[in-house]
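Welcome, and please open the model in your viewer. We will go from one selection to the next and look at what is there.

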Amino acid sequence: AEKIGYQPNAIAQSMRAGKTRTIGLVVIADFTNVFFNRATKGIVDTARALGYQVLIYNTNEDVALEREAITTLIQKRVDGLIVVPSTAEGHEHLIALTRSKTPLVIIDRVLPGVKATTITTDDAMSCEAAVDAAVKAGHRELAFLIATPNAEGFSSRKPLLMNSAIESRVNGFSAGAKKHKKVHSQWLFSDESPDTAVSAVLSLLDSPTRPSIIFTSNNDMAQAVLKAIFDRGLTIGKDISLVTVDDSTWLEAIQPGITVVRRPVDELAQLAVEQLVKQMENPSTRVQSTLLPTELIARGSIAQLS
């Protein structure tokens, strides 16, 4: 076998065993997004340690591409799927998977009506705590910049279709703002293009009630804030304050470091694979929902106003 360079046929082996030892991972964002980058790495590393390979598809928040990806992965006979749903609606294909008893774990987002194991993070808790910290520091003019995949341009009107992860952050920020009566808040929902996000920030800086602090829903929006502020010659933590969701090494490395809502992405990734493997090894495993706690990491980007 060595002399003729024989290699085992993995497909033939899987047909005999009924298993391919592969997991299908369907993610929605490009891999420059810090959360999905780390989650993907954590899933691949955990799967490898357990003897599984991972096939990865990117859908860019397009539910049609999501359906196509899942169909392809099923045709490739993956043993189970980890999915980040693209939108809050139109997921009959996922319902069909649960009916066919295909092992499935949904991460980062909740889909009402889909009876699958779900692992999410409690973003609302720490987003509310972030607002509390800002108000305690003396901030009264607050702005919230929310990345919204289905938005066109930016608007103060909340879109109808928002996924549960964005909803959780909005609910947390909103709860924090509402319980402080002397606080004034502005909301902008922006598509995720850098130019649009920067324009949204500039509109906040030019508003009659300019905010002293901006809360952003992810790192892309935080980068837009930093670009707009630096272009104006302003200083973070002095002229304008900033809080964002999801930690990254660069957020800690810049001066001052950016206060963040840190999500337990490594734990989420490991748990997703472990829960999926349980289903693949024991089809009678019960569906369960896990809500992981988040943490507010205070750095120097919130100015002390009082």
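A residue counts as buried under 20% relative accessible area, as exposed over 50%, and as partly exposed in between. Keep in mind that this is a predicted model.

Start by selecting Arg 21. You will find Arg 21 in the loop between helix 1 (10-17) and strand 1 (22-27). Look at its backbone: phi is near 55 degrees, a positive value in a residue other than glycine. Is Arg 21 buried, exposed or partly exposed? Its relative accessible area is 38%, so Arg 21 is partly exposed.

Next, select Arg 77. This residue sits in the loop between helix 3 (63-75) and strand 3 (80-83). Arg 77 is not a glycine, yet its phi is positive, at about 65 degrees. With a relative accessible area of 44%, Arg 77 is partly exposed.

Now move on to Asp 246, in the loop between strand 10 (241-245) and helix 9. Asp 246 is buried, because its relative accessible area is 6%. Which residues does Asp 246 contact, leaving aside its neighbours within four places in sequence? Show Val 34, Phe 35, Asn 219, Leu 251, Val 260, Val 261 and Arg 263 to see these contacts.

Finish at Pro 256, in the loop between helix 9 (249-253) and strand 11 (259-262). Zoom in on the peptide bond that joins Gln 255 and Pro 256: this bond is cis, with omega about -5 degrees.

Terms used: Residues are numbered from 1 along each chain as its sequence is written. This is a predicted model: local features need pLDDT of at least 70, side-chain atom pairs count only at pLDDT 80 or more; totals for chains, interfaces and linings use all residues. Side-chain values use heavy atoms; hydrogens and water are left out. Helices (H or I, at least four residues) and strands (E, at least two) are DSSP runs, numbered from the N terminus. Buried means under 20% relative accessible area, exposed over 50%, partly exposed in between (1.4 Å probe, protein chains only). Contact means heavy atoms within 4.5 Å.
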